[in-house]
Amino acid sequence: MEPFDYSLKELSRRLHNGDTTVEELVRTSLKRIEEVDEQIGAFLHVDRDNALERAKELDQQLKNGEADADNVLFGLPMGIKDNMVTKGVRTTCASKILDNFVPVHDATVVEKLYDASTVMIGKLNMDEFAMGSSNENSGYKIVRNPWHLGHVPGGSSGGSAAAVAAGEVPFSLGSDTGGSIREPAAYCGVVGLKPTYGRVSRFGLVAFASSLDQIGPITRSVEDNAYVLQQIAGHDPRDSTSVGKEVPNYLEALTGDVKGLRIGVPKNYMGEGVSKGVRDRVWEALEVLKELGAKVEEVNLPHTKYGMTAYYVLASSEASSNLARFDGIRYGIRSEGENLIETYKQSREEGFGDEVKRRILLGTFALSAGFYDAYYLKAQKVRTLIKQDFEDLFLNYDLIIGPTSPTTAFQIGENVDDPLTMYANDVMTIPINMAGVPAISVPCGLSDGMPVGLQIIGRHFDEATIYRAAHAYEQAVNFKHAPQFKGGAHA
């Protein structure tokens with residue numbers, strides 16, 4: 001068994017029993033990255049020296065009896081998506097325009113993981129500024145799916161999901177604006193949670209669309225996911241959208257008991273556009289939950305069909321505003337022009353990739369005089385209707401379940417020149433961000449040899465019930481994770 005095939009709890013037990021050391025775990029992670037990441041492309045920066053130095057400090061704490069045995073995350077290696085700032089460690093958002101940006105502080109989630117005595121191995125690849133569904137939009141290199149190197153890992157947190165699936169780190173953090181944690185988790189056969197908006201601080205997350213962005217964990221199991229969320233959740237006064245709501249003990253929800261849970265299955269999540277293989281695996285998963293005692297009924301989310309259109313107006317509008325700060329003057333790379341305006345133009349022309357430029361243009365248009373009411377304001381009204389749809393269903397149901405994505409991971413290059421088809425891959429995940437509710441993706445089998453994701457959606461701040469159902473299903477089916485990646489493409 002490879003070291004990172006163990007659960008986080010098992011790794012912690014091995015550390016405290018003296019079966020391994022923090023340095024050994026860190027060196028295992030670094031060795032694994034050296035072996036496979038040239039092909040996977042999950043890491044943009046490996047912070048080798050600092051990781052080893054921190055590992056030695058933590059081993060000394062273990063030796064001195066200063067390590068808290070109840071802290072499951074103590075000494076564990078992890079990766080951070082490269083849109084979360086890390087003090088003294090380059091943060092690029094996978095964009096050339098931030099190629100030389102070194103932050104002077106840590107994001108709140110990074111601080112919280114450091115407080116738990118974890119070890120950051122490095123920064124993970126992503127679609128540039130989190131704009132994409134395939135991780136083909138990175139300004140540096142494509143990320144490949146460990147299940148098959150010819151397929152995408154999903155985006156924008158493709159590096160975060162691929163690194164966990166390939167056994168490079170036992171867990172990672174991603175960010176989710178319209179499905180960017182859940183979709184790559186589904187494509188790579190791992191577990192990814194988008195918490196309720198406001199549950200996890202966004203302080204230090206480089207903003208794409210501020211009203212939609214949320215940070216969450218990517219792990220190999222539901223229990224591991226709960227441990228990580230337990231650490232990073234909570235109110236942060238530095239984030240004005242952070243909610244001061246008590247964080248429950250998520251581990252207490254992992255009872256394996258789903259008897260009496262009321263589950264709604266949206267008809268429009270299981271209809272046209274969803275591949276037969278994905279639909280079959282999801283229905284099989286629902287049958288498992290029914291056998292465990294849950295009640296399953298078909299329901300309607302009538303305004304979901306408008307979600308994708310409204311999302312791309314709203315997200316692009318917010319991106320247009322948020323990315324205005326990257327002008328070649330205050331941050332990152334500067335291209336010298338004949339005057340200030342030409343410096344702005346050339347810096348952005350050379351620094352931003354095509355997808356980022358496309359969304360800035362769309363957002364600027366939607367916010368411009370004469371079009372604001374027709375596009376942005378109308379999209380906000382649609383968002384309210386989508387949120388109301390979820391609230392109405394949650395009056396009678398505990399959870400809503402469907403596919404994470406309508407298909408399994410597609411081939412690299414298959415949709416890169418067709419933005420509308422690429423955007424359609426997020427049709428199942430976008431409404432969750434629009435409503436601000438939490439959702440998880442857990443593996444539910446294979447279709448044509450590639451993983452299928454089961455999406456479990458809950459009420460605002462009810463991640464515990466999501467974990468309860470996800471864990472019960474996971475324990476019942478015992479999904480096998482990615483075949484041990486040795487290099488080359490999997491058949």
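A pocket here is an open set of grid points with protein on both sides within 12 Å along at least five of seven lines. Keep that in mind as we walk through this structure, which is a predicted model.

Let's start with the second largest pocket, which holds about 370 Å³ of space. It is lined by 16 residues, and the closest to its centre are Gly204, Leu205, Val206, Ala207 and Arg325. Sorted by class, the lining has nine nonpolar residues, three polar ones and four charged ones.

Gly204 also gives us a handle on distances across the fold. Take Leu454, which sits in strand β11 (residues 450-457). From Gly204 to Leu454 you count 250 residues along the sequence, and the C-alpha atoms are 30 Å apart in space. Leu454 has a relative accessible area of 0%, so it is buried.

A cavity is a set of points where a 1.4 Å probe fits but cannot get out. How many cavities of 30 Å³ or more are there? The count comes to one. The largest cavity has about 70 Å³ of space. Its lining is made of 13 residues, with Gly132, Ser133, Ser180, Tyr311 and Asp426 the closest to its centre. By class, that lining splits into five nonpolar, six polar and two charged residues.

Helix α5 (residues 158-165) is worth a look while we're talking about what is hidden. Is it buried or exposed? Eight of its eight residues are buried, so the helix is largely enclosed by the rest of the structure. The buried residues of α5 include Gly158, Gly159 and Ser160, along with Val164 and several alanines such as Ala161 and Ala165. After α5 comes Gly167, and its phi is positive, near 75 degrees.

On to the charged pairs. The model has 23 salt bridges by the rule used here. One of them joins the side chains of Glu111 and Arg238, at 2.8 Å from N to O.

Asp280 and Lys276 form one, with the closest N and O atoms 2.6 Å apart. These two residues are four apart in α8, so about one helical turn separates them. An α-helix has 3.6 residues a turn, so residues three or four places apart point the same way. The accessibility of the two partners goes like this: Asp280 is partly exposed, with a relative accessible area of 24%, whereas Lys276 is exposed at 57%.

Arg281 has a relative accessible area of 18%, and since buried means under 20%, Arg281 counts as buried. Glu284, at 42%, is partly exposed. Elsewhere, Lys31, Arg32 and Glu35 are linked in a network of salt bridges.

Which residues make the nonpolar surface patch of about 260 Å²? Phe365, Phe371 and Tyr375 do. Phe371 is located in the loop between α11 (354-367) and α12 (372-393). It has a relative accessible area of 33%, so Phe371 counts as partly exposed.

Another loop residue to check is Ile329, found between α9 (307-322) and α10 (340-351). Ile329 has 35% relative accessibility, so it counts as partly exposed too. Along the chain, Ile329 and Tyr344 are 15 residues apart, and their C-alpha atoms are separated by 7.8 Å.

Terms used: Residues numbered from 1 in each chain as written. Predicted model: local features only at pLDDT ≥ 70, side-chain atom pairs only at ≥ 80, totals over all residues. Heavy atoms only, no water. Patch = residues over 30% accessible without salt bridge, like charges linked within 9 Å, V, L, I, M, F, W, Y side chains within 5 Å. Areas by Shrake-Rupley, 256 points an atom, 1.4 Å probe, with all protein chains shown as cover. Salt bridge = Lys/Arg side-chain N within 4 Å of Asp/Glu carboxyl O. Buried < 20%, exposed > 50% of the residue type's maximum accessible area, 1.4 Å probe, protein only. 1 Å grid on protein atoms, 1.4 Å probe; cavity = no way out; pocket = protein on both sides within 12 Å on 5 of 7 lines; lining within 4 Å. Points joined across faces, edges and corners; volume = space filled by probe spheres on them. Nonpolar A, V, L, I, M, F, W, Y, C, P; charged D, E, K, R; others polar.
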